[in-house]
Amino acid sequence: MRLLRRRLRPSTFGPGDRTLLRNGQVVAPLAVADTTASRRRGLLGTTGLVGALWITRCPSVHMMGMRYPIDVAVVDRAGTVLLTATLRPWWGMTRFRFRASATIEAPEGAMTAWDVRPGSVLTIGTAGTQPV
């Protein structure tokens, strides 16, 4: 019973142990979902997000089961942003893109605040400012 209660307890995701870089500039703390389990789980069961979540090998996302809106950026292998969008709970989704390599999820309004748009280059940095 305790385990069930713990799973249902609202929680905020993040911040991660890395940084999100836009064109070489640090914009936010970043968590990376790079295992099958972490990619599958994503932000499900959370009530908010601090920073951003980089989901590897993820050309599209959906909002089934989500509780709050998010911004997403779909990037290719080089980190070039192909698409940015704001997705709403339960019905939002991005279309599959052949060139897409990863999807970055962030709180609603974050992509605009960070000046992330198609053509920007997003990379993963360590706790400092150097790209990984």
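## Trp-114 and its surroundings

Leaving aside neighbours within four places in sequence, Trp-114 is in contact with Leu-20, Arg-22, Val-27, Ala-28, Gly-51, Ala-52 and Ala-106, where contact means heavy atoms within 4.5 Å. The model is predicted, and local features need pLDDT of at least 70, side-chain atom pairs count only at pLDDT 80 or more, while totals for chains, interfaces and linings use all residues. Residues are numbered from 1 along each chain as its sequence is written, and side-chain values use heavy atoms, with hydrogens and water left out.

## Nonpolar cores

Trp-114 also belongs to the largest nonpolar core, which has 17 residues, and together with Leu-20, Trp-54, Ile-104 and Leu-122 touches the most other members. A nonpolar core is a set of buried Ala, Val, Leu, Ile, Met, Phe, Trp, Tyr and Cys residues joined through side-chain atoms within 4.5 Å; buried means under 20% relative accessible area, exposed over 50%, and partly exposed in between (1.4 Å probe, protein chains only).

At least two residues of this core come from each of strand 3 (25-33), strand 5 (52-56), strand 6 (70-75), strand 8, helix 3 and strand 9 (122-125), and strand 8 supplies the largest share, 3 residues. Helices (H or I, at least four residues) and strands (E, at least two) are DSSP runs, numbered from the N terminus. Apart from this core lies another, of 14 residues, among them Ala-33, Leu-53, Met-66 and Leu-87.

## Salt bridges

There are 2 salt bridges, each being a side-chain nitrogen of Lys or Arg within 4 Å of a carboxyl oxygen of Asp or Glu. In one, the side chains of Arg-88 and Glu-108 meet at 2.5 Å, N to O; this pair links distant parts of the chain, 20 residues apart, with Arg-88 in the loop between strand 7 (81-87) and strand 8 (102-107), and Glu-108 in the loop between strand 8 and helix 3 (110-113). Arg-88 counts as partly exposed because its relative accessibility is 37%, and Glu-108 counts as partly exposed at 44%.

In the other salt bridge, the side chains of Arg-117 and Asp-115 meet at 2.2 Å, N to O. Arg-117 is partly exposed, with 46% relative accessibility, and Asp-115 is partly exposed at 34%.
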